[in-house]
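Visitor: I would like to learn how to read a structure like this one. Please take me through a few features in turn.

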Amino acid sequence: MSEPPPPVSGRRITLCVTGSIAAYKAAALLRLLRKAGASVEVVLSRAALEFVGPATFQGLNGKPPLSDLFDRAHGGELHVELARNSDALVIAPASADCLSRLAAGRADDLIAAIALSAHCPVLVAPAMHPNMWSHPATQRNVSTLTADGVRFAGPVDGEVASGERGLGRMAEPEQIALAISGLFSGGALSGQRLVITAGPTLEALDPVRSLTNRSSGKLGFALAERARSRGAEVTLIAGPVALPTPPGVRRVDVESALSLKQALWEALGADLSRADALIMAAAVADYRPRAASESKLKRSGPLTLELEPNPDLLAEVGARRTGARPVLVGFALETDSDERLIASAREKLTKKRVDLVVANHAAESIGRDDIRLTLVGPDTAAPFGPAPKAQAAERLLDWLSERLAE
Ligand SMILES: Cc1cc2nc3c(=O)[nH]c(=O)nc-3n(C[C@H](O)[C@H](O)[C@H](O)COP(=O)(O)O)c2cc1C
């Protein structure tokens, strides 16, 4: 288990656990937070007590968890006091029921009452059956909560308690711990308008065939999720990938490089005034077929494809930018040695007139859940990882928030 980074040290975190089978994972999260130096109050909902025993949390935290809004051992208003004494309120796992009570502004149990009284950041890690997560009622609640400023960690795609697969599994404790530390990292992006591109492009050869690449879109989607969680307004322009849209993110689906170009200029505005930063994480095809056939190509001997170059979208944006905004981040993916990779990243930096190039090796990023990268600036080359892509996204957003604060 990796420890979350230091910003959590000395923070007062109220960790609320609601009624889901994933409740047992809250014990691992509590351990991570304690190890990182946070002081934690644990609150278990009545339903959570059906899944996990208070003794586990008492043992790990050195004090009994709370549960009762009308706890007689506490004089005064326990929920108001807890809210006032928290630097962050974390609900992990957050049940569908809990999300609905939070979205409605109810205060009918200790957790909902604390959430309604809290002025500190609130982070929820939903966990539920995929049918519950995708239900329009839950999605309405997620939109309401996002608009209210609640941050989300997950849910993620994977196996849920019933053995079925889908979107609804709780993010792993390490990921939630990372999101919690993101609340304190000083890397806030409140109100910043980010455009992020992600995934491959797909260039049609005929109505049924295409040229594409192996980009999974995972890093771009992680960037969108984490940026939204830091308070940014995020437009995610996504190539053809089957990844779920992170809560609160505006998604525009595209296929070809040319359709990405159109979506990009719409998102940025012709004078680039609609965005504070652009992160170009998509793997845009360098070439497209000169002419896509209108009917399916028939097999008959060797076939020569004639390709023509696609526009270099980042270079076009760089050429049009006159001031310091939007901050421009590009990617350099190569199969070369480290030295050649950094040199080519530097070349891209000046040629395309961008602020940062994220250099990475194909074998250490494409299609993987983790990544090793180097953040290449005009005079710097900061290596990072290998680490999960969510963690790499946080690192890149730390850089971006510093740059935007300048
Ligand atoms: C075995 C079992 C598993 C459950 N798992 C979940 C779950 O993963 N997510 C969820 O939203 N609700 C789940 N529920 C339903 C909630 O426990 C129920 O809606 C409860 O009212 C939640 O209350 P709370 O949010 O106050 O903890 C489960 C119920 C049972 C009986």
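Visitor: How do the residues of the shell around the ligand divide into nonpolar, polar and charged?

Guide: Two remarks on the source come before the classes. Residues are numbered from 1 along each chain as its sequence is written. This is a predicted model, where local features need pLDDT of at least 70 and side-chain atom pairs count only at pLDDT 80 or more, while totals for chains, interfaces and linings use all residues. As for classes, Ala, Val, Leu, Ile, Met, Phe, Trp, Tyr, Cys and Pro count as nonpolar, Asp, Glu, Lys and Arg as charged, and the others, Gly among them, as polar. The shell around the ligand has nine nonpolar, five polar and two charged residues.

Visitor: Which residues come nearest to the ligand?

Guide: A residue is near a molecule or strand if its C-beta atom, placed from the backbone, lies within 6 Å of it. There are 16 residues around the ligand, and T18, G19, S20, S45 and S95 come nearest. Helix α5 (residues 96-103) gives the largest share of the shell, three residues.

Visitor: What is the strand order of the open sheet of five strands?

Guide: Helices (H or I, at least four residues) and strands (E, at least two) are DSSP runs, numbered from the N terminus. Two strands pair if DSSP finds at least two bridges between them. The order here is β2-β1-β3-β4-β5, with parallel pairing. Its edge strands, β2 (39-44) and β5 (151-152), each pair on one side only. Six parallel bridges join strand β1 (residues 12-17) to β2, and C16 stands opposite V43 in β2.

Visitor: Which strands stand at the edges of the open sheet of eight strands?

Guide: That sheet runs β12-β11-β8-β13-β16-β17-β18-β19, and its pairing is mixed. The edges are β12 (250-253) and β19 (381-388), each with a single partner strand, so one side of each has no neighbour in the sheet. Direction ignored, neighbouring strands are turned by 20 degrees against each other on average. Within the sheet, strand β17 (residues 356-361) and strand β18 (residues 370-376) pair in the antiparallel sense over four bridges; N360 has L373 in β18 as its bridge partner.

Visitor: Which strands does α14 touch where it packs on the sheet?

Guide: Two residues are in contact if their C-beta atoms, placed from the backbone, lie within 7 Å. Axes are lines fitted to C-alpha atoms, for helices over the stretch in contact, and angles run from 0 to 180 degrees between N-to-C directions. α14 touches β13, β16 (327-334), β17, β18 and β19, and its direction makes about 145 degrees with that of β19. α10 lies across β8 (193-198), β11 (233-238), β13 (277-280) and β18, at about 160 degrees to β8.

Visitor: At roughly what angle do the axes of α10 and α14 cross?

Guide: Angles under 35 degrees count as roughly parallel, over 145 as roughly antiparallel, 65 to 115 as roughly perpendicular and the rest as oblique. Helix α10 (residues 218-229) and helix α14 (residues 389-405) have axes that come within 8 Å and cross at roughly 60 degrees, which means that α10 is oblique to α14. The contact includes L219, L223 and R226 of α10 and A393, E394 and L397 of α14. By class, this contact of α10 with α14 has nine nonpolar, no polar and four charged residues.
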